[in-house]
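Please open the model in your viewer and keep the sequence panel beside it. The tour below moves from the whole chain to single residues and then to the spaces between them.

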Amino acid sequence: MPPEPFFGGPGLDRADALRGQPQALAQLQDRPDALELVWEEGLPAIDEAGRLIWQPLAAPDLFLGLTDGAPRYSPAPPFEGDMRARFNALAHLAADEAPLFAAALSLASWHRRHRFCANCGQESASVRGGWSRQCPDCHAEHYPRVDPVVIMLAEHDDRLLLGRQPQYPPGRYSALAGFLEVGETIEAAVARELFEEAGVCVTDVRYLASQPWPFPSSLMIGCTAVAMDDALTVDTTELEDARWFTRAEVAAALADDDKASFIPPPHFAIARTLLEHWLSA
Ligand SMILES: [Zn+2]
């Protein structure tokens with residue numbers, strides 16, 4: 001079985017067929033079981049048990065889909081949560097609520113950031129229940145963006161390459177990552193990023209798992225690769241450090257051992273999933 005990172009899973013029935021039917025959408029809004037997400041500090045609100053909070057429908061801005069046949073909506077909140085609010089939320093969010101949290105947050109962020117037509121500059125209007133925007137002037141239709149990011153573990157002689165960015169908490173090391181560029185395959189992006197950031201040449205790039213990352217709209221594409229040798233040339237404009245870690249070091253870190261040589265990424269990061277998968281293989 002491939003591993004399932006946090007934010008993975010089906011979430012809810014997105015009911016795509018209903019989005020193009022304005023009459024059906026209007027009827028859904030009148031249903032007594034229609035609910036909308038509550039937001040707090042620019043993020044979907046979470047209760048003490050890690051569950052999303054719902055209230056009777058007041059602002060049917062975004063039609064998220066159906067839960068057990070009942071319509072679910074989100075208002076489009078006016079601002080985004082700051083970094084601390086995000087990480088507090090992720091630390092407490094129940095795993096089975098995470099896909100819906102991600103979808104609502106990315107969709108709402110997209111509307112806030114993409115009010116105007118990218119083709120002609122006119123203000124566009126939300127259509128299809130909020131799953132696209134249409135320009136009244138040039139009629140171009142725009143869809144919520146997804147920004148692909150490759151994130152990868154390079155392996156050499158049963159050791160893993162991990163790096164740390166200057167803004168990480170002290171001691172933390174994680175998988176290297178970077179945005180996929182236009183005209184590039186996933187495999188080429190993995191090889192390019194590892195060479196640029198750490199001077200490592202790799203072969204045998206394999207896709208492992210993906211993760212929506214709603215800050216605001218990334219798709220993390222988790223991969224593995226085999227390094228041709230263990231020489232490192234770290235690009236210190238991107239990374240503070242990068243090193244090879246043995247299987248025993250990774251095991252100690254994931255077990256929260258006090259004597260571990262590094263602190264692993266948190267449970268909601270796909271980098272953690274990649275480390276756990278490597279260790280179990
Ligand atoms: Zn336009």
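Two residues are said to be in contact when heavy atoms of theirs lie within 4.5 Å. By that criterion, among contacts in the chain between residues at least 6 apart in sequence, 62% join residues at least 24 apart. This is a predicted model, in which local features need pLDDT of at least 70 and side-chain atom pairs count only at pLDDT 80 or more, whereas totals for chains, interfaces and linings use all residues. Residues are numbered from 1 along each chain as its sequence is written, and side-chain values use heavy atoms, with hydrogens and water left out.

**The whole chain**

Begin with a cartoon view, in which you can look for seven helices and 15 strands; these are DSSP runs numbered from the N terminus, with helices being H or I over at least four residues and strands being E over at least two. Along the principal axes, the C-alpha atoms fill a box of roughly 60 × 45 × 35 Å. Of the 281 residues, 46% are buried, where buried means under 20% relative accessible area, exposed means over 50% and partly exposed lies in between, with a 1.4 Å probe and protein chains only.

**The nonpolar cores**

Next, select F7, L90, L93, F101, L153 and V250, which are the residues with the most contacts inside the largest nonpolar core, a set of 46 residues. A nonpolar core here is a set of buried Ala, Val, Leu, Ile, Met, Phe, Trp, Tyr and Cys residues joined through side-chain atoms within 4.5 Å. At least two residues of this core come from each of several elements, including strand 5 (62–67), helix 3 (83–92), helix 4 (98–113) and strand 10 (147–156), and helix 4 gives the most, with nine residues. Centre the view on F7 and, leaving aside neighbours within four places in sequence, you will find F7 in contact with L90, L93, A98, P99, F101, A102, Q211, P212, W213 and P214. Apart from this core lies another, of 19 residues, among them M152, L161, I221 and A225.

**Helix 7**

Now select the buried residues of helix 7, namely I270, A271, R272, T273, L274, L275 and W278. They pack against strand 10, strand 11, strand 13, strand 14, strand 15 (241–246) and helix 6.

Move on to F63 in strand 5, which counts as buried because its relative accessible area is 2%. Apart from neighbours within four places in sequence, F63 is in contact with R14, A15, L18, L25, L28, P71, R72, Y73, G129 and W131. For a sense of scale, draw a distance from the C-alpha atom of F63 to that of E238, 175 residues apart along the chain, and expect 39 Å.

Then select S132, in strand 8 (residues 132–134). Is S132 buried or exposed? It counts as buried, because its relative accessibility is 0%. Which side chain makes a polar contact with the side chain of S132? The partner is E141, at 2.6 Å; a polar contact is a pair of N or O atoms within 3.5 Å, and within protein one must be able to donate a hydrogen and the other to accept it, while residues adjacent in sequence count only if both atoms are side-chain atoms.

**Pockets and the cavity**

Finally, show a surface and select F87, Q165, Q167, Y168 and W213, which lie nearest the centre of the largest pocket among its 32 lining residues. On a 1 Å grid over the protein atoms alone, a pocket is an open set of points with protein on both sides within 12 Å along at least five of seven lines, a cavity is a set where a 1.4 Å probe fits but cannot get out, and lining residues have an atom within 4 Å of a point. The largest pocket has a volume of about 1000 Å³, a volume being the space filled by probe spheres set on the points, which are joined across faces, edges and corners. Strand 12 supplies the largest share of this lining, four residues.

The second largest pocket, of about 340 Å³, is reached by selecting R14, A103, S106, V146 and P212, which lie nearest its centre. Here helix 4 provides the largest share of the lining, six residues.

To end, select G42, L43, E80, G81, R86, L105, S109, P214, F215 and P216, which line the largest cavity, a space of about 50 Å³.
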